[in-house]
Amino acid sequence: MIRQMRKEDIHYVVKLYMDYMFDSFFAKLDEKFLSIMFDGLLCSKYEISYVFEKDGEIAGFITASTNTKKLFNEILKKRMQALLGVILAGLFRNPHFLCQLVESFFYSKKTLVNDTHAELLFITIEPRYRKRKLSKELIKTVLDQLHKMSVFKVKVTTQRKNYVVNKLLEGLQFKQVRSFSFYGKVNLVYEVALADDRKYI
Ligand SMILES: CC(C)(COP(=O)(O)OP(=O)(O)OC[C@H]1O[C@@H](n2cnc3c(N)ncnc32)[C@H](O)[C@@H]1OP(=O)(O)O)[C@@H](O)C(=O)NCCC(=O)NCCS
């Protein structure tokens, strides 16, 4: 069953994030950082998140935003105190994080595409449930909601080396619009137009 993400899902969502998106900078900051971030996300009007629930277990999730810059500025502002503690602890564990932390603040600028602010942010499916078109279903659910909110263009970034995600996006008619370097890796920005006749899926 696909349903909207709730606060009680955060624990499972963080676990999925840590297990299957472990090379992301946010995961390196640790579970506590992710818990605060998802808690902040779920309180924001810029956030759209769904989970795939099976037998009472969260086996996948997607998070998107109508405006990523505003979303993260809001989380930073509202959760500053809690975030500062975990970020400082992360920097203490690994001082190299400082460069990545500084680079994070340039994410919005690097991924700027015309006037497209809506963005797919994170998606993960538990390996047992992969290749059943669940990620397609989650993305479709988010795109449908954005369309209902009169959002007509959506972007997403992924690492060039993430073959599966690149295939997934191309299959959903996302078009590559630019590439940029982030955390020392080549990333691609894709965009899709949400047509009135919903032919985007
Ligand atoms: C990427 C991910 C979410 C795909 O989930 P999924 O539910 O297995 O994907 P789907 O079954 O909906 O497949 C959709 C499309 O993705 C592509 N795809 C999925 N798995 C693939 C694989 N192993 N090899 C090549 N292409 C693949 C195909 O184009 C597929 O469409 P098709 O079935 O019509 O050929 C999943 O592999 C995952 O969780 N990966 C780890 C986390 C991650 O990298 N997240 C993205 C960064 S935010």
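Which residue in strand 5 is the bridge partner of L120? It's V156, and that pair is a handy way into this structure, which is a predicted model.

- Seven strands make up an open sheet, and their order across it is 1-2-3-4-5-7-6.
- The pairing in this sheet is mixed. As a reminder, strands of a sheet pair through backbone hydrogen bonds, and they can do that either parallel or antiparallel.
- Strand 1 (2-4) and strand 6 (175-182) are the edge strands, so to speak the ones that each pair on one side only.
- If you ignore direction, neighbouring strands here are turned by 30 degrees against each other on average.

**Strand pairs to look at**
- Back to our opening pair: strand 4 and strand 5 (residues 153-159) run parallel and are joined by three bridges.
- Strand 1 pairs with strand 2 in the antiparallel sense, over three bridges. Look for R3, whose bridge partner in strand 2 is V51.
- Strand 2 also pairs with strand 3, again antiparallel, and here there are eight bridges. In that pair, I48 has A64 in strand 3 as its bridge partner.
- Strands 2 and 3 form a hairpin, with two residues between them. Check out D55 in the turn, which has a positive phi of about 50 degrees.
- Is strand 2 mostly covered or uncovered? Strand 2 is mostly covered, with six of its eight residues buried.

**Helix 4 and its buried face**
- Helix 4 spans residues 68-78, and its buried residues are T68, L71, F72 and I75.
- Looking down the axis of helix 4, you'd find these buried residues within an arc of 90 degrees, so they line one face of the helix.
- The spacing rule behind this kind of pattern is simple: an α-helix has 3.6 residues a turn, so residues three or four places apart point the same way.
- What covers the buried residues of helix 4? The cover includes helix 3 (31-42), strand 2 (47-54), strand 3 (57-65), helix 7 (107-110) and strand 4 (118-125).

**Around the ligand**
- The ligand is surrounded by 20 residues, and the closest are R130, S135, K136, K167 and L168.
- Strand 4, helix 8 (134-148) and helix 9 (163-171) are the elements that each give two or more residues to this shell.
- Helix 9 provides the largest share of the shell, five residues.
- By type, the shell has nine nonpolar, five polar and six charged residues.

Technical notes. Residues numbered from 1 in each chain as written. Predicted model: local features only at pLDDT ≥ 70, side-chain atom pairs only at ≥ 80, totals over all residues. Buried ≥ 20, exposed ≤ 12 C-beta atoms within 10 Å, placed from the backbone. Helix = DSSP H or I, 4+ residues; strand = E, 2+ residues; numbered from the N terminus. Arc of directions from axis to C-beta. Contact = placed C-beta atoms within 7 Å. Near = placed C-beta within 6 Å. Nonpolar A, V, L, I, M, F, W, Y, C, P; charged D, E, K, R; others polar. Pairing = 2+ DSSP bridges. Axes fitted to C-alpha atoms, helices over the stretch in contact; angles between N-to-C directions.
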